[in-house]
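Please open the structure in your viewer and keep the selection panel at hand.

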Amino acid sequence: MTCFSRFFFFSRPNLSTEQVLYARHGFKLINSSNFVEAHILQAEPVVIYLKSVSPPRPKMFSIEDNLSLSKFSRRETANSPVHYLSYVTYVEVQNGEGKVIESNISDFQNILATCNGLVLATRKDTRGLLVINPVTRRVLPLPRGTILLYAECYHSYGFVFSHLSREYKVVHLFRDESKSIACEIISLTTRSWRAVNGPSSEHFHTYFSRKPVAANGSLHWLPCGGGCSCIVSMGIDDEKFYTRILPNRSRRNDRLVEIGGLLSFVTHVVEDTLEIWILKESEGEGWVKRHTITGSGIRNLVPTCMMKRGRELFFVKERENHLCAYDMETLEMRAVEFDGVALWRRHIYFSYLPHINTLASW
């Protein structure tokens with residue numbers, strides 16, 4: 001039950017019949033997929049990640065306690081003290097200043113993907129998944145699906161919304177017993193996994209090193225950490241896999257990024273030069289180069305996400321505690337200041353994902 005529905009039901013005795021009908025209509029409106037999509041387009045994204053805190057904060061919103069499933073999980077006792085917990089944390093940027101916003105939501109193991117204000121994550125101490133709206137704190141548990149190799153690098157999860165079926169889907173790629181890439185999909189409506197034909201294994205290395213990106217009506221993977229000549233994609237509606245040749249062979253710090261609903265390939269073509277390519281499938285143009293960025297230290301920039309409604313592309317600077325923003329209109333690169341607070345720790349930059357904090361979803 002969302003905060004809107006809780007408010008509605010608890011307040012209803014004090015409302016007139018006309019007010020009740022109006023409140024019902026408003027509740028249906030803000031939870032409709034059309035309203036959510038329109039709101040998301042206008043909302044300002046943040047970056048979401050998990051931050052380990054020691055000692056744990058005195059007040060927290062525990063996912064497992066909220067699901068009333070703690071009896072299925074290992075709980076800490078007096079003989080097994082909790083030394084630290086991971087909490088949902090956000091970064092927002094305004095006027096060149098970065099701000100870290102901490103929450104009291106805990107009991108995640110890892111954030112896997114985000115979609116329309118919802119977060120897909122693995123549950124702590126269990127092998128299940130969950131979907132949560134961090135604002136309303138509505139939580140939906142999901143079975144995890146097929147688990148053959150337990151290390152998370154052998155699994156890849158995508159989280160998308162199908163405009164055709166009007167439902168949210170979780171897409172799970174994994175290596176099966178024959179070492180082939182298998183695929184299964186679960187709908188948040190049915191909460192039941194079903195197998196679909198997976199992609200060819202020839203493009204993927206042993207493990208999944210890049211999170212997929214949803215854009216152009218498909219879910220896209222860079223199938224290896226470097227040296228990719230193509231991307232692997234799955235249509236969100238038809239659930240068919242296909243490949244597309246990249247404009248350049250990928251390098252270690254290259255990434256796929258969604259820009260204004262279109263897929264972008266951000267690639268380091270030479271040591272101090274970076275290019276931004278946009279895939280314009282609907283116009284039949286294919287890959288189109290939109291920007292070329294040059295300068296010292298470019299090779300250490302790792303693309304993270306778009307902010308400012310598609311105007312600024314954010315990078316994490318590898319091996320340094322720096323967040324940089326490239327303005328797509330003024331063509332300027334600048335550092336984001338955090339009052340001395342380090343946003344990033346080495347080897348963890350891949351865990352940062354774009355997110356929309358909103359009441360209007362799901």
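Begin with the entire protein: among its contacts (heavy atoms within 4.5 Å) with a separation of 6 or more, 51% join residues 24 or more positions apart. This is a predicted model, in which local features need pLDDT of at least 70 and side-chain atom pairs count only at pLDDT 80 or more, whereas totals for chains, interfaces and linings use all residues. Residues are numbered from 1 along each chain as its sequence is written, and side-chain values use heavy atoms, with hydrogens and water left out.

Next, colour by secondary structure. The protein has four helices and 25 strands; these are DSSP runs, helices being H or I of at least four residues and strands E of at least two, numbered from the N terminus.

An open antiparallel sheet has the strand order S17-S18-S19-S20; two strands pair if DSSP finds at least two bridges between them. Strands S17 (255-259) and S20 (286-294) each have a single partner strand, so one side of each lacks a neighbour in the sheet. Select S19 (residues 273-280): eight bridges connect this strand with S20 in the antiparallel sense. One place to look is Glu-275, whose bridge partner in S20 is Thr-292.

Finally, display Phe-159, Phe-161 and Tyr-168, which form one aromatic cluster. How are the rings of Phe-159 and Tyr-168 placed? Their centres lie 5.8 Å apart and their planes meet at 45°, so the pair is tilted. Rings of Phe, Tyr and Trp (its six-membered ring) pair if their centres lie within 6.5 Å; planes under 30 degrees apart count as stacked, over 60 as edge-to-face and the rest as tilted.
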